[in-house]
Amino acid sequence: LIQKIPTEINEIPILMNHFQKYGHIDSIRIKGNQAVVIFQNQISAIHALRSSKALKRNRFIEISLIGN
């Protein structure tokens, strides 16, 4: 779950470009200032979570894992 995403960067192409480097993405869903990125496997999600690289240089965006 990605939270506090500024509206101007909360778009599927931008999120896809950032998160695909961590693994295959099955889907991305956006609602308001949140998004859910579904990776093909949990390892990819963990790599994205542990990455120190900020989404569009915004360190205020929060990323967390959600249940299966």
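Reply: Gladly! Let's begin with Lys-56: its relative accessibility is 54%, so Lys-56 counts as exposed. Please keep in mind that this is a predicted model.

Me: What makes 54% enough for Lys-56 to count as exposed?

Reply: Exposed means over 50% relative accessible area, and Lys-56 has 54%, so the label applies. Lys-56 sits in the loop between α2 and β4. Its phi is near 50 degrees, a positive value in a residue other than glycine.

Me: Why does Arg-57 count as exposed?

Reply: The cut-off is over 50%, and Arg-57 has a relative accessibility of 80%, so Arg-57 counts as exposed. Arg-57 is also in the loop between α2 and β4, and its phi, near 60 degrees, is positive in a residue other than glycine.

Me: Why is Ile-63 called partly exposed?

Reply: Buried is under 20% and exposed is over 50%, with partly exposed in between. Ile-63 has a relative accessible area of 33%, so partly exposed is the label. Ile-63 belongs to strand β4, and together with Leu-49 and Leu-65 makes a nonpolar surface patch of about 220 Å².

Me: On to charges. How do you know that Glu-62 and Lys-4 form a salt bridge?

Reply: The limit is 4 Å between the side-chain nitrogen and the carboxyl oxygen. For Glu-62 and Lys-4 the closest N and O atoms are 2.8 Å apart, and the pair is a salt bridge. The structure holds one salt bridge.

Me: What does the Glu-62 and Lys-4 pair tie together?

Reply: Glu-62 lies in strand β4 and Lys-4 in the loop between β1 and α1, so the pair ties together parts that are 58 residues apart in sequence. Glu-62, at 36% relative accessibility, counts as partly exposed. Lys-4 is partly exposed too, with a relative accessible area of 48%.

Me: Now the rings. Why is the pair of Phe-19 and Tyr-22 called tilted?

Reply: Ring centres must lie within 6.5 Å; planes under 30 degrees apart are stacked, over 60 edge-to-face, and the rest tilted. Here the centres are 6.3 Å apart and the planes are at 55 degrees, so the pair is tilted.

Me: Which residues touch the most other members of the largest nonpolar core?

Reply: They are Ile-2, Phe-19, Val-37 and Phe-39, in a core of 15 residues. At least two core residues come from each of α1, β2, β3 and α2, and β3 gives the most, with three. Leaving out residues up to four places away in sequence, Val-37 touches Ile-2, Phe-19, Ile-25, Ser-27 and Ile-28.

Technical notes: Residues are numbered from 1 along each chain as its sequence is written. This is a predicted model: local features need pLDDT of at least 70, side-chain atom pairs count only at pLDDT 80 or more; totals for chains, interfaces and linings use all residues. Side-chain values use heavy atoms; hydrogens and water are left out. A nonpolar core is a set of buried Ala, Val, Leu, Ile, Met, Phe, Trp, Tyr and Cys residues joined through side-chain atoms within 4.5 Å. Buried means under 20% relative accessible area, exposed over 50%, partly exposed in between (1.4 Å probe, protein chains only). Helices (H or I, at least four residues) and strands (E, at least two) are DSSP runs, numbered from the N terminus. Contact means heavy atoms within 4.5 Å. Rings of Phe, Tyr and Trp (its six-membered ring) pair if their centres lie within 6.5 Å; planes under 30 degrees apart count as stacked, over 60 as edge-to-face and the rest as tilted. Patches are made of residues with over 30% relative accessible area and no salt bridge: like charges are joined within 9 Å, nonpolar side chains (Val, Leu, Ile, Met, Phe, Trp, Tyr) within 5 Å. Accessible areas come from the Shrake-Rupley method with a 1.4 Å probe; for residues, only the protein chains shown count as cover.
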